[in-house]
Amino acid sequence: MLHTVNKTLTEKPSLLSCLRLAGAGSDILLIEDAVYSAIRGSTGARLLEQSRGKHQLFALGPDLECRGVKAAQLIDGIEVVDYAGFVALAVKNDTVHAWL
Amino acid sequence: MVIEFKGRVYQTDAEGFLVNPDEWSEELAEKMAADDDCELGADHWVAINILRDYYAQYAIAPPIRILIRHMGKQLGREKANSPYLYELFPFGPAKQACRYAGLPKPTGCI
Amino acid sequence: MSKRMMFVNRRAPYGTVYGLEALDALLAASAFDQQLCVAFLDDGVYQLLRNQNPAVLDMKDYSRTFAALDDFGVDKVYVERESILQRGLCDADLIEIRRENGSDAVSIMASEDMSRLMESQDIILQF
């Protein structure tokens, strides 16, 4: 299953719920404001680092670029994907679970 | 609303501001002015270019006070005042100069 | 009587329209000769990140307007240090905002100083 998260932790605790409930081996894609949670040293990044073995982590490139977040600022183990990559993830996983 | 000019159609909002600022050209500015029975002289262009430069840098139109100060630097102190600006643009710098400059309609009281 | 007014930004840009609305409101207020300042805390600090490029998502880069704040009579920008650090950021990640005289308009401050500053305002508007 592909899980998407689109808010920061300050805005909503969706990332916490997603990490608690997403099954082992599922993919997690950070989009929109949730891409900030992948910045090394942030509260969100510490949570994501703990779940790296359990999930494949992705962040949407255009949302990073829009917000001025560079790939070098992200924690290791996050793969940056473009829209085609987003679609590929959605196709590979037959279910998309959007955490709102 | 639209402006039809040289075989092209330019979309504008209800007050005549260009919807797509990338479509702006000096010719189009002259056409907009001509439609208002206004001919753009050198001083009009100084104001328009100040507005365009400021917008390119800051993504906003400058306050009138700042526009006037920049005009003074280029045109001399005797032209650095609000009456002269309104002489150039009788409908007001926000509504008229920004429109000719291809900027979006300024928000607020600028 | 001129009032001390603070505009408080607590949201990230782009995900919601709050940041842009806050800036519009601040610039509108600048026409009324009040003592204005703007504060960035919590997710609001993301609004000040360098190198934003919202054109990729067809949005306007309003972060460029912050550099013009002094022209609009807003010459004090306060940022809470704890909010920066919690987000894995540092001072150098934030854009510079200078006054016309070249001095730095941005003060990055500890929560207790931000608190004092907030307590000293007549009007606080939060976005």
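**Getting to know chain A and the cores**

Trainee: What share of the 100 residues in chain A do buried residues make up?

Mentor: Keep in mind that this is a predicted model. A residue counts as buried when its relative accessible area is under 20%. In chain A, with its 100 residues, the buried ones come to 53%.

Trainee: Which pattern does chain A follow along the sequence?

Mentor: Start with the parts: chain A has four helices and five strands. Now read them in sequence order, and the pattern is β-α-β-α-β-α-β-α-β.

Trainee: Why is chain A said to be as compact as a globular protein of that length?

Mentor: Take the C-alpha trace to begin with, which spans about 30 × 30 × 25 Å along its principal axes. For 100 residues the globule rule gives 13 Å. Chain A comes close to that, so it is as compact as a globular protein of that length, with a radius of gyration of 12 Å.

Trainee: How much of the contacts in chain A with a separation of 6 or more comes from residues 24 or more positions apart?

Mentor: Let's take one pair as an example. A:Leu48 and A:Leu19 are 29 residues apart in sequence, yet their C-alpha atoms are 7.9 Å apart in space. These two are also in contact. Across chain A, residues 24 or more positions apart account for 71% of the contacts with a separation of 6 or more.

Trainee: Is A:Leu48 buried or exposed?

Mentor: You'll find A:Leu48 in helix H2, residues 43-50 of chain A. Beyond its neighbours within four places in sequence, its contacts include A:Leu15, A:Leu30, A:Leu57 and A:Ile75. Its relative accessible area is 0%, and buried means under 20%, so A:Leu48 is buried.

Trainee: Which residues touch the most other members of the largest nonpolar core?

Mentor: In soluble globular proteins, nonpolar side chains tend to be buried together. The largest nonpolar core here has 59 residues. Those touching the most other members are A:Leu30, C:Phe66, C:Leu69 and C:Val79.

Trainee: Which helix gives the most to this core?

Mentor: Look at chain C, residues 18-29. That stretch gives five residues to the core, and its name is helix H1.

Trainee: How many residues are in the second, separate core?

Mentor: Look for B:Leu18, B:Cys38, B:Met71 and B:Ala97, which this core includes. It is separate, and its residues number 33.

Trainee: How far apart do the centres of the positive and negative side chains of chain A lie?

Mentor: Chain A carries 10 positive and 11 negative side chains.

Methods
Residues numbered from 1 in each chain as written. Chains lettered and ligands numbered in written order. Predicted model: local features only at pLDDT ≥ 70, side-chain atom pairs only at ≥ 80, totals over all residues. Heavy atoms only, no water. Helix = DSSP H or I, 4+ residues; strand = E, 2+ residues; numbered from the N terminus. Rg over C-alpha atoms; globule rule 2.2 N^0.38 Å. Buried < 20%, exposed > 50% of the residue type's maximum accessible area, 1.4 Å probe, protein only. Contact = heavy atoms within 4.5 Å. Lys, Arg positive; Asp, Glu negative; His and termini not counted. Charge placed at Lys NZ, Arg CZ, Asp CG, Glu CD. Core = buried A, V, L, I, M, F, W, Y, C linked by side-chain atoms within 4.5 Å.
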